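Student: I am new to this structure. Can you walk me through how to read it?
Tutor: Gladly. Ask about one feature at a time.

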Amino acid sequence: MRRILVPVAAVAVIASAAGCTASNPKGSGTQSSTSHTLTVDVASDIDTLDPAVTIDNASWKITYPCYERLVDYKGASTQLQPGLAKSWSSSQGGKVWTFHLVSGHKFTDGTPVDANAVKFSFDRLLKINQGPAGSFAEISTVQAPNPTTVKFVLKSPFAPFPSTLATNYASIVDPKVMSHQQNGDMGQAYLASHTMGSGPYELKSRVKGQSLTLVSNPTYSGSKPQITKAVFQIVSDPSAQRLQLEKGDVDVAEGITIDQLKPLESESGITVLKKPSLLVDYVYLNVGKGNPVLKNTKVRQAISYAIDYKGLINATQQGQATQMRGPIPQGMWGHDNSLMQYNYDPAKAKALLAQAHVGKIPPLTLLYSDHEAWWPTEALAIQANLQKIGIPVKLSKVEYATERALLDKGQFDLSLGVWSPDYADPYMFMNFWFDSNNGGLAGNRAFYSNPQVDKLIREAAVSTNQSQRQQLYQQAQKIVVQDPPYVYLYQTNFMLPMRSDVHGFVFNPMLQGIYNLTQMSKAA
Amino acid sequence: MLKVVWQRLLMLVLVLACVSIATFLMARVVPGDPAQVIAGPHASHATVEAIRHQLGMDRPLLVQYADYMNGLLHGDLGTSITTRHPVSDDLLAYFPATLELVFYAFLVALVVGIPLAILAAVKRNSVWDYAARVVSLAGLSMPTFWFGLVLILVLYGKFGVLPASGRLSADLPPPPHLTGLYTVDGPLTGYWASFVDAVQHLILPVLALAYVQLAIVVRQLRASMISVLATDYVRTARAAGLSEWTVIIRFGLRNALVPVLTIVGISFGALLGGAVVTETVFGWPGMGNYVVQSIESLDFPAIMGFTIVIAVAYVLINLVVDLINIALNPEIRRGGAS
């Protein structure tokens with residue numbers, strides 16, 4: 001061992017010493033004082049930075065500060081405020097939406113951000129037709145009658161439309177991206193690792209598998225931010241991340257696992273942020289295509305009473321979650337605090353099963369994967385809970401991609417799932433989960449069909465009267481809680497450890513993983 | 001010698017054909033759809049179908065395979081489904097990282113391991129022998145990820161002399177791409193700060209990986225040397241009055257190295273496929289990370305590209321090992337046994 005350690009230590013010492021004197025050719029680095037640089041550890045690399053292609057929050061971390069959108073979220077809430085659009089209105093019962101743009105904003109190459117750029121961005125998004133286009137399937141045409149007016153004509157009235165414009169998918173992209181087109185890809189290969197936006201930051205450098213660096217955008221129309229450089233380094237090991245955070249070599253560490261956050265909380269110099277998120281974890285009960293016993297409402301109610309919610313939350317989330325009350329989570333408008341909530345009552349569950357008169361229940365398969373680290377634990381807990389009331393459960397663990405294929409075909413009885421909203425509207429939960437037209441991967445993974453619920457949620461989707469929509473969704477919620485196609489488990493807490501000298505971070509549940517860099521700063 | 005080279009190159013073509021067909025079929029037989037993965041959890045059927053069409057995955061299997069092999073013959077490994085870049089670009093970025101790590105690890109393992117093994121074999125039951133056996137046993141018993149984490153904890157966490165993760169500090173640019181090996185490109189292009197930083201980042205992962213390989217080399221070579229040093233021809237060489245050095249190196253080591261190099265060659269080839277554990281612990285952006293990412297997102301072109309590159313590397317490495325063995329041992333050249 002000494003034979004190895006001595007020469008290695010020597011090399012290390014020489015290397016450190018040499019590091020002080022070695023230098024690169026001039027003009028090949030980005031320097032900035034560390035009090036204006038935010039360093040964040042992330043767990044994995046991004047796939048692509050093209051807003052029209054990526055559906056991954058990891059990429060939005062980089063793109064959201066580099067692009068502007070027509071509307072933005074107000075602070076930590078899901079309410080909307082003007083962005084590139086200073087005002088907007090709807091006509092024809094919610095079928096046509098008109099936006100009036102601010103003037104004077106420019107892309108990083110000096111091109112003005114005008115109605116043409118907005119039209120271009122949405123035309124491109126729809127033409128590329130990948131994941132993000134799904135949120136805009138309602139758009140029929142986009143018109144730019146003059147440089148400061150954009151008109152969206154939808155196929156049919158769609159009340160949640162404005163909230164779709166606050167998402168990363170609705171980033172306004174520089175039309176000059178077409179000059180980087182290859183093989184008719186509309187610039188996808190270029191935008192995969194570059195940004196062409198008008199936001200407060202731009203991507204300075206990207207080293208594959210290692211780091212991405214943002215610097216403040218000199219052509220941005222707003223004021224210069226305190227954080228002029230944001231470095232996202234890819235560190236795949238949670239222990240390495242923790243050491244780096246403790247030593248102060250990084251300011252924020254995203255990849256530290258939940259069991260390690262508790263000891264970090266008590267360390268000086270580190271703050272662990274904790275806020276409820278809109279990420280929900282639930283169980284699909286395959287009403288439409290699974291075992292026939294699941295068609296019986298009492299059976300599903302029995303399952304809902306059989307689950308030890310508190311125990312489950314402790315086991316899978318270390319207590320850092322809130323039991324759901326209905327499908328619309330806390331933090332999203334439409335959440336009903338007076339809704340009935342199932343509690344852990346195995347006796348009641350057994351009674352309900354007896355009343356259901358379904359006889360001996362055959363083993364039901366519980367489908368899951370490693371997509372969420374806590375799913376194996378959760379599956380075992382649910383199996384144990386259901387076993388207790390006389391429902392045998394067969395665990396079926398598969399690869400994530402395989403799981404999705406089986407979900408789409410409906411080849412399962414029970415399945416674990418997570419869901420988070422793309423835009424801040426209860427439509428994301430109520431219509432996606434319960435509309436009988438959405439069977440399968442699209443959202444209604446229970447293959448649930450209830451004409452009464454369909455009527456309520458479809459009406460709520462087109463009405464432009466907010467209070468009427470709220471009422472309709474509340475009525476629908478009451479039905480789907482009494483006749484549950486899902487077991488509403490919990491909504492997770494968002495937890496983020498960071499150095500205590502990082503100020504100004506605002507957590508918006510719609511922008512999980514995204515940093516409001518323009519409002520952040522580091523104490524000297 | 002030339003005959004061997006020709007034989008191997010022919011085998012390379014055969015291996016590539018079989019490997020490509022097998023990987024192609026396996027990737028598509030597994031239930032799971034990359035179009036779904038790209039479309040996202042909330043996408044409609046129409047979007048997924050459109051993506052499937054864009055990727056050309058709705059064509060018959062034979063057509064897809066023919067198309068792919070055609071591209072391959074022109075040096076085109078296809079376009080990655082996740083990164084939208086040519087797979088060859090991605091591989092050019094990730095392969096050198098693994099090559100650099102694995103090469104230095106093996107260099108350390110051989111430079112330290114061979115002398116240690118010789119000492120152990122020659123000075124049987126001395127302190128060197130015991131040390132070698134303990135070192136070897138420890139290396140074979142220790143999980144790489146644990147050893148790696150301990151190295152990070154001690155040398156970064158406690159003493160702060162070496163970095164915890166990655167190939168290069170985020171505020172230093174990588175040297176311009178000539179070979180992709182920072183330790184080669186750095187000096188060649190004058191990017192000295194990046195070079196020094198790259199060396200600092202290399203030390204811990206190389207140590208972690210080298211130690212296991214060192215253990216294998218020491219154990220195998222020591223055993224091999226002991227058996228060779230006991231043979232008749234070695235006794236004859238000693239009796240003929242040749243110096244101890246000549247006996248050990250020319251007669252002993254030359255023959256003892258043959259099985260060791262074979263094992264080292266196989267190991268090297270396997271690790272080029274991504275020293276996944278080491279790369280994960282040290283956040284090393286190499287083939288290990290790349291292939292895991294590709295499999296998780298069912299990125300067919302990336303998976304195929306990766307498999308083909310590794311298959312080629314493997315065959316070539318085995319060719320080199322066989323050539324070295326022939327050079328070391330004329331009996332293999334003549335095809336006979338002693």
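Student: Which residue in E7(A) is the bridge partner of Asn146(A)?
Tutor: Keep in mind that this is a predicted model. The partner is Thr149(A).

Student: How many bridges join E6(A) to strand E7 of chain A?
Tutor: Strands of a sheet pair through backbone hydrogen bonds, either parallel or antiparallel. Here, 5 bridges join E6(A) to E7(A), residues 149-154. The two strands run antiparallel.

Student: In what order do the strands of that open sheet come?
Tutor: The order is E4-E5-E7-E6 in chain A. That makes 4 strands, with antiparallel pairing.

Student: Which strands stand at the edges?
Tutor: Strand E4 (85-91) and strand E6 (139-146) of chain A do. Each has a single partner strand, so one side of each is left without a neighbour in the sheet. On average, neighbouring strands of this sheet are turned by 20 degrees against each other, direction ignored.

Student: Which strands does helix H3 of chain A lie across?
Tutor: Helix H3 (residues 115-128) lies across strand E5 (96-101), E6 and E7 of chain A. Its angle to E6(A) is about 165 degrees.

Student: Now a helix pair. At what angle do H14 and H15 of chain A pack?
Tutor: Read the angle and the axis distance together. Helix H14 (residues 451-462) and helix H15 (residues 466-482) of chain A pack at about 155 degrees, with axes 9 Å apart. Angles over 145 degrees count as roughly antiparallel, so H14(A) is roughly antiparallel to H15(A). Their crossing is left-handed.

Student: Which residues make the contact?
Tutor: From H14(A), they include Val453(A), Leu456(A) and Ile457(A). From H15(A), Leu472(A), Tyr473(A) and Ile479(A) are among them. The residues of this contact divide into 9 nonpolar, 2 polar and 2 charged.

Student: What domains does the assignment give for chain A?
Tutor: Domain 1 covers 37-269 + 500-522, and domain 2 covers 276-493. Their C-alpha centres lie 31 Å apart. The contact takes 19 residues from domain 1 and 18 residues from domain 2 of chain A. On the domain 1 side, helix H4 (161-164) and helix H7 (258-265) of chain A give two or more residues.

Student: Last, how many residues of chain A are in contact with chain B?
Tutor: 57 residues of chain A are in contact with 59 residues of chain B. The largest share of the chain A side, 9 residues, comes from H1(A). By class, that side has 25 nonpolar, 24 polar and 8 charged residues.

Terms used
Residues numbered from 1 in each chain as written. Chains lettered and ligands numbered in written order. Predicted model: local features only at pLDDT ≥ 70, side-chain atom pairs only at ≥ 80, totals over all residues. Contact = placed C-beta atoms within 7 Å. Nonpolar A, V, L, I, M, F, W, Y, C, P; charged D, E, K, R; others polar. Axes fitted to C-alpha atoms, helices over the stretch in contact; angles between N-to-C directions. Parallel < 35°, antiparallel > 145°, perpendicular 65-115°, else oblique. Left-handed = near helix turned anticlockwise from the far one by under 90°. Pairing = 2+ DSSP bridges. Domains from an automatic or database assignment.
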